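Hi everyone, thanks for making time this morning.

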Amino acid sequence: MRKALLSALIGICAAGSLAAQDFTTLKGHGGPVMGLDVSPSGKVASASFDNSVGLWTGRAPEWLEGHEAAVTTVAWGPDGTLYSGGDDFAVRAWGDAPRVLGRHQGKVAALAVSPDGRTLASGSWDGSILLWPVAGDAEPQALERPGSGVNAVAFSQDGRFLFAGTSNGDLLRYDLAEGGAPYPMVQHGFGVNELVVGPDWVAYGAVDGGTRVVDAVTGEAIADFTLDRRPILAMDHHAGTNRLAVGDGHGFIMMLDTAEWAIANDFRATREGPVWALAFSADGAAIHAGGLDDVVYAWPVAMLDSFDAEMGQERAFLRDPETMPNGERQFMRKCSICHALEPGPSRKAGPTLHGVFGRPAGTVAGYTYSDTLDGSGIVWSDETIDALFDQGPDHYIPGSKMPMQVISGRDDRADLIAFLKQATKEE
């Protein structure tokens, strides 16, 4: 019965309906979806491993290009300005005149816009928190460093305080009016990945699966919803419906009632893999989710008890690894997120591998390569591909945009090369 209802919902969506009560899929990214936010007017922004930001008002996205690596986080300002941060260390503002506000010295993990829209806060794995005046070209203000990488930032509702969660397990509160050192609210013991700030409370999610709510002034415990699922990777709050959504590494979304501090729903949202991003629709009727798939899913909140929710398609990298030959398994684990095997353009972060053997590095038309790879003189062959994964891209081609990937086993590298020869050969 439940499967039939889910099939019916998907059928309705396939016919083109985007009503709030329907299950919705937004397709077009070329890699996992790592960040989501919804504007006050209802426009969905998605951040992806394919180095792009998608803007969705229907099924056909507008693509915002400019990041040189994976986009990890997006945040709307109250005036409809969108901001993004990524693995390229950049903080960008989008609008009529897109621009780079500046850069951290490490991955930008979190963004938050002040309630008045005048200030953007960014937190980075380099251990810094910067406050950017969004109007003009003023330099950002650096807050006192928290002592470890910053995973999450959030303003209080009056804009006076900024809360930060760190990889060292600290929940900190900065007084932006008085300045000075942050107030240590909680020392969790495991990294704090996510923060949501309510009128008088702060909810946080941690690496060990901790989902806790504390008083925004004292840090005293209000509620604990920790389950045996870890880590917590995503959170979003909709004040109008008193709902707090929590996504974890096991693929579940837990929906909390913030009026009663009780679990309203708890459902598996992915067949396999994590829930990396969550965002309520503007009216709170739907919860958008992103993860390992290159699709954004939106679940109707009112119907979460009516069917078994499972986002995710039959993707090759979600198959049981034991059913694959070793060469294919190595490709799925190390290469498939960034590279397609088919000819032609794709939205993946890297160029297609179709016809890679015998091809000079940096020569796929339409792909923007790093200066290091462009004109490097490398020709892809059994020997050069073996060296690439034996040494790792950061050693074999220093300065390349390729993420660090090493295959230490000689036989594993040989199996990968054999698979690629078959899968990428030109007809």
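**Salt bridges, rings and strands**

Let me start with charge pairs: a search of the whole structure finds 11 salt bridges. By salt bridge I mean a side-chain nitrogen of Lys or Arg within 4 Å of a carboxyl oxygen of Asp or Glu. Before we go on, a caution: this is a predicted model, where local features need pLDDT of at least 70 and side-chain atom pairs count only at pLDDT 80 or more, while totals for chains, interfaces and linings use all residues. Residues are numbered from 1 along each chain as its sequence is written, and side-chain values use heavy atoms, with hydrogens and water left out.

Take Asp137 and Arg99, whose side chains meet in a salt bridge at 3.8 Å, N to O. Asp137 lies in the loop between strand S12 (129-133) and strand S13 (141-142), and Arg99 is in strand S9 (residues 99-103), so this pair ties together parts that are 38 residues apart in sequence. When I say helix or strand, I mean DSSP runs numbered from the N terminus: helices are H or I with at least four residues, strands are E with at least two. Are these two partners buried or exposed? Asp137 is exposed, with a relative accessible area of 73%, and Arg99 is partly exposed at 27%. The cut-offs there are under 20% relative accessible area for buried, over 50% for exposed and partly exposed in between, using a 1.4 Å probe and protein chains only.

Next, helices. Asp386 and Arg413 form a salt bridge at 2.8 Å, N to O. Asp386 belongs to helix H3 (residues 382-391) and Arg413 to helix H5, so the bridge ties together parts that are 27 residues apart in sequence. Asp386 is partly exposed at 23% relative accessibility, whereas Arg413 is buried at 4%. There is also a network here: salt bridges that share partners join Arg160, Asp175 and Glu178.

Now to Arg229, which has two kinds of contact. Which residue does Arg229 form a salt bridge with? The partner is Asp248, with the closest N and O atoms 2.7 Å apart. Arg229 sits in the loop between strand S21 (221-224) and strand S22 (232-238), and Asp248 in strand S23 (residues 243-248), 19 residues apart. Arg229 is buried, at 12% relative accessible area, and Asp248 is buried too, at 4%. The charged end of Arg229 also sits over the ring of Phe252, 3.9 Å from its centre. For that label, NZ of Lys or CZ of Arg must be within 6 Å of the ring centre and within 35 degrees of the ring normal. Arg173 has its charged end over the ring of Phe161, 5.3 Å from the centre.

Asp248 brings us to the strands around it. In S23, Asp248 is the bridge partner of Ile232. S22 and S23 run antiparallel and are joined by six bridges; two strands pair if DSSP finds at least two bridges between them. They form a hairpin with four residues between them, and Asn242 in the turn has a positive phi of about 55 degrees. Seven of the seven residues of S22 are buried, so S22 is largely enclosed by the rest of the structure.

Elsewhere, four strands form an open antiparallel sheet in the order S2-S3-S4-S5. Strands S2 (33-38) and S5 (62-65) stand at the edges with a single partner strand each, so one side of each has no neighbour in the sheet. Inside that order, S3 (residues 44-48) and S4 (residues 52-56) pair over four bridges, and Ala45 has Leu55 in S4 as its bridge partner.

Last topic: aromatics. The whole structure has seven aromatic pairs, meaning rings of Phe, Tyr and Trp (its six-membered ring) with centres within 6.5 Å; planes under 30 degrees apart count as stacked, over 60 as edge-to-face and the rest as tilted. Trp201 and Trp261 have ring centres 5.1 Å apart and planes at 85 degrees, so they are edge-to-face. Trp201 is in strand S19 (residues 201-206), and Trp261 is in the loop between strand S24 (252-257) and strand S25 (262-268), 60 residues apart. Trp201 counts as buried at 5% relative accessibility, and Trp261 as partly exposed at 21%. Finally, Phe23, Phe267, Tyr297 and Trp299 form one aromatic cluster. Thanks, everyone!
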